[in-house]
Amino acid sequence: MTNLYASRITGTGSAFPKRRLTNLEIAQNIETSDEWIRERTGIVERRISEPGNPDELNSSLGLAAAKRALEMAGKRPEDIDQILYATASPDTIIPSTACWLQQKLGAKNAWALDMNAACSGFLYALTVADQFIKTGSSKTILVIGSEVLSTFVNWKDRGSCILFGDGAGAVIVERTTADSPSRIISSHLHSDGSFWELLHVPAGGSAMEVTAARHAEGLDKVHMKGKEIFKVAVKTLSDYAALALEVNHLKLSDLDWFIPHQANLRIIEAVAKRLDLPMEKVLLNIERFGNTSSATVPSMLDEAVRDGRIKSGQTVLMDVFGAGLTYGSVLVRW
Ligand code: ACO
């Protein structure tokens, strides 16, 4: 069946908590150093939500990002007919963060749901939005990637806590005609649950209740096998970038910008090397924000759209991996 419609991103927004947490501050509490973190990850600082601050809840960061995206798109909250909220660190398990956001934003005509694909969540949600637009059932969709993972990080585990930060990114996706030059061109997603152990939070779901003893053991916090993830990430990011180019008959030189998930600068450099992609085409915000999980790609996208790096007619490849494992890429003509 040929589609009549395609999806176009018409607005972007992002938001971060105020507090900057530097490597030097982290090094005051655990055995690490600014130098080690910079060299091994490319991260200098990250933003951390203030516990209990209502303006820095996951849904509040999502709200601020959504308002900016709506403003750019020239849309009102009432125009939104669907909210897809990618997060692995919801305000509450019930109700969804999407519903918290909906009432804060006043998007009274929307239906809203959370999607959890960890760091890949934004591209998963964007792909779902694209499908609802293509079938004609939705016209204007708010897609958010937002995290306050600092509450799930074990700040005593130097192998993982150095990586993560809080933040949000949002886009407005609107219906356009299938032949529009500016549109989402393709999406390739995959999951492999057999790698669940590489990054997981054992307690806090229905499989394992959080008790005082389990909390003391850190079972309600992120458990990560960094070295193993590193290898899989380089492979999946490279494979899914190459797949998007191949399927669309594009050469690397046709690509204007590459926005990879920002988990570790060395992962990104290894992917660029494997693809033979010059680093000048890679958009990076990891130095300032660390790994904000589902927010890395939309917040980077927002920054580059607002500062004019991403221009109309350019080709942008977004590429992610995350816990699950989940991975994939989305190609967009801006
Ligand atoms: N400071 C100082 N030393 C450290 C630190 C630290 N913060 N962390 C680990 N080390 C030590 C280790 O103990 C080890 O010491 P040893 O050789 O005496 O045993 C040494 O440094 C090397 O450790 P490695 O784990 O091999 O270090 P590596 O270079 O792999 O870096 C890191 C670790 C940064 C975690 C890296 O593996 C990584 O970034 N992996 C990917 C993680 C990732 O992407 N996670 C996000 C997944 S996406 C999602 O959905 C959330």
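Let's start at Ser-293, which sits in the loop between α9 (286-289) and α10. Helices (H or I, at least four residues) and strands (E, at least two) are DSSP runs here, numbered from the N terminus. Phi of Ser-293 is near 55 degrees, a positive value in a residue other than glycine. Most residues other than glycine have a negative phi, and most peptide bonds are trans. Ser-293 is also buried, with a relative accessible area of 2%; buried means under 20%, exposed over 50% and partly exposed in between (1.4 Å probe, protein chains only).

A word on the basis: this is a predicted model, in which local features need pLDDT of at least 70 and side-chain atom pairs count only at pLDDT 80 or more, while totals for chains, interfaces and linings use all residues. Residues are numbered from 1 along each chain as its sequence is written, and side-chain values use heavy atoms, with hydrogens and water left out.

## The overall fold

The protein has 10 helices and 13 strands. For its 334 residues, a compact globule would have a radius of gyration near 20 Å, and the 19 Å of the protein agrees with that; the radius is taken over C-alpha atoms, and the globule rule is 2.2 Å times the number of residues to the power 0.38. The C-alpha atoms fill a box of roughly 55 × 45 × 35 Å along the principal axes.

Of the 334 residues, 54% are buried. Among contacts (heavy atoms within 4.5 Å) with a separation of 6 or more, 76% come from residues 24 or more positions apart. As for charge, there are 36 positive and 39 negative side chains, and the centres of the two sets lie 3 Å apart. Lys and Arg count as positive and Asp and Glu as negative, without His and the chain ends, and each charge is placed at NZ of Lys, CZ of Arg, CG of Asp or CD of Glu.

## Aromatic pairs

How many aromatic pairs does a search of the whole structure find? There are 3; rings of Phe, Tyr and Trp (its six-membered ring) pair if their centres lie within 6.5 Å, and planes under 30 degrees apart count as stacked, over 60 as edge-to-face and the rest as tilted. One of them joins Trp-111 and Phe-132 edge-to-face, at 5.4 Å centre to centre and 65 degrees between the planes. Trp-111 belongs to strand β5 (residues 111-115) and Phe-132 to helix α5 (residues 121-134), 21 residues apart. Trp-111 is partly exposed at 41%, and Phe-132 is partly exposed at 29%.

Tyr-240 and Tyr-327 form another edge-to-face pair, 5.3 Å centre to centre with 70 degrees between the planes.

## Helix α10 and other backbone features

Back to α10 (residues 296-306): this helix is mostly covered, with 9 of its 11 residues buried, including Val-297, Met-300, Leu-301 and Asp-302. Just after α10, Gly-308 takes a positive phi of about 85 degrees.

His-249 also has a positive phi, near 55 degrees, in the loop between α7 and β11 (257-260). Is His-249 exposed or buried? His-249 is exposed, at 73% relative accessible area. Pro-95 lies in the loop between β4 (82-86) and α4 (97-105), and Leu-325 in the loop between β12 (315-322) and β13.
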